[in-house]
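Please read them beside the model.

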Amino acid sequence: MFVVFLLLLWGSLLFPPAAYYVWMLMRIRRRNVSVSVNFAYQPYVTLIVPTYNEATVIAKKLENINELDYPENKLQVIIIDSSSIDGTLDEVKTFLNKTNFRFQIILLSEKERLGKSHALNVALKYSAGEIIATSDADSFWEKDALKKAVSYFADPSIGAVTGKEELINLRRGVYTLSEGVYRKFYYNLRLGESIIHSTLIFQGELALYRRTAFEEFEDAPGYSDDIGTVINIVSRGYRCIFIPEAIFYDTAAFSFRGRLRVKSRRSEHLVSGIIKSLKLKIKGRLPVMWRIIFFNFYLHVISPILLTLAILATAILYFVNFNSLWFLGLFFILLLIKKLRVFLISYITGNLALILGLIPFITGKRSNVWKKVDEMRLKNYNF
Ligand code: GDP
Ligand code: MN
């Protein structure tokens, strides 16, 4: 009886996500995002980069922005710093003094650190762009990423566009490889969802928003500037899409602790967003298919809980029937295969992070300010 329960439990972990993945792959194969892209459309863009203690990377980030392939009189850059204590602003000023920066640039400084979304909203007041782009100090764009992403806004139905992350340090170790595996699944889902209508899951490292499609970045505790804002935009009837050809480079955490820290915080944002999308859908205020909302809820909220149950139940069964030593043996032999090991680590750490991300949601201890992960900002990373 218990064995049947266990099989059902593992089955419920395997089949619904697999079904969703296959569905998305079929969508991807059948057609492209039905949007009229126009490269001649080059509106005025404001690119906001919020910083908190980014002295190690900010000069490199500015160098990267300076190389963007976009008309000089069509891009405004705003750096908004929230009282960094590591000399971030000095780094910016030194860089600007010795460089011929091609675009108009505004430096803003907040007296108090109130979180990323808050900073973005301050910058928004100074922005002149028809399109508002955001990026992080520790992520770097491909030269043509902006141009490619902007071209989608020629279609008036598009409210926001996000791009694809390539990991600079993918081969560093099992945890970076795990992030690579996660991203591979993740992007196929995002692309499938975008082809159907919209994806609600955005990455603020490369995100563009139509100015008239939103008032402010979502700044409620526990929500994120990217996912939180995008849900509001979709709820207004715009499409928000992921486009794989707009590429940015970023690092993945390479230690267990670093990975869990960054992923559990991002998971908190994901979980808040997905639960909000479910509520909006119930109220009939989200033009995204029920199935997509449901599967995302299943993957990010239900699955991690089921996985915890499944592991516990399997462990109990195992210790009660201790004669099944072959099972443990088989498990360890399978772990010798590196690909399987990486996949398993990706799956387990991802779900663990989702459970951790659920906790602030349940306890109500939600915050908009986080501690950055230093191992994702080493000076010697090159992309
Ligand atoms: P992660 O990539 O999800 O780990 O997030 P990061 O820690 O890299 O933060 C994303 C961006 O937001 C970085 O450029 C940070 O410097 C910036 N950031 C984070 N918190 C704050 C804040 O309180 N104020 C400002 N202005 N920027 C912030
Ligand atoms: Mn980052």
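Which polar backbone atom is 2.9 Å from an oxygen atom of ligand 1, and in which residue does that atom sit?

1. The backbone contacts of ligand 1. The residue is Ala 137: one of its polar backbone atoms is 2.9 Å from a ligand 1 oxygen. This is a predicted model, so that distance, like the other values below, is computed from predicted coordinates. Pro 50 also takes part through its backbone, with an N or O atom 2.8 Å from an oxygen of ligand 1.

2. A side-chain contact, and cover. Trp 370 reaches ligand 1 through its side chain, where an N or O atom lies 2.9 Å from a ligand oxygen. Taken alone, ligand 1 would expose 570 Å², and 97% of that is buried by the protein.

3. The shell around ligand 1. The largest share is that of α8, with three residues. In total, 20 residues surround the ligand, and the closest are Glu 54, Ser 82, Arg 113, Arg 265 and Arg 377. By type, the shell holds 10 charged residues, seven nonpolar and three polar.

4. Asp 138 belongs to the loop that joins β4 (131-134) to β5 (140-141).

5. Helix α8. Does the span of this helix agree or disagree with its residue count? The two agree: 27 residues at 1.5 Å a residue should span 39 Å, and the end C-alpha atoms of α8 are 38 Å apart. Most of α8 is covered, as 21 of its 27 residues are buried. After the helix comes Gly 284, which has a positive phi, near 75°.

6. In sequence, Leu 306 is 296 residues from Trp 10, yet in space their C-alpha atoms are 8.3 Å apart.

7. Points to check on screen. For ligand 1, begin with the contacts of Pro 50, Ala 137 and Trp 370.

How values were computed: Residues are numbered from 1 along each chain as its sequence is written. Chains are lettered from A and ligands numbered from 1 in the order in which they are written. This is a predicted model: local features need pLDDT of at least 70, side-chain atom pairs count only at pLDDT 80 or more; totals for chains, interfaces and linings use all residues. Side-chain values use heavy atoms; hydrogens and water are left out. A residue is near a molecule or strand if one of its heavy atoms lies within 4 Å of it. A polar contact is a pair of N or O atoms within 3.5 Å; within protein, one must be able to donate a hydrogen and the other to accept it, and residues adjacent in sequence count only if both atoms are side-chain atoms. Accessible areas come from the Shrake-Rupley method with a 1.4 Å probe; for residues, only the protein chains shown count as cover. Helices (H or I, at least four residues) and strands (E, at least two) are DSSP runs, numbered from the N terminus. Ala, Val, Leu, Ile, Met, Phe, Trp, Tyr, Cys and Pro count as nonpolar, Asp, Glu, Lys and Arg as charged, and the others, Gly among them, as polar. The expected span of a helix is 1.5 Å times one less than its number of residues. Buried means under 20% relative accessible area, exposed over 50%, partly exposed in between (1.4 Å probe, protein chains only).
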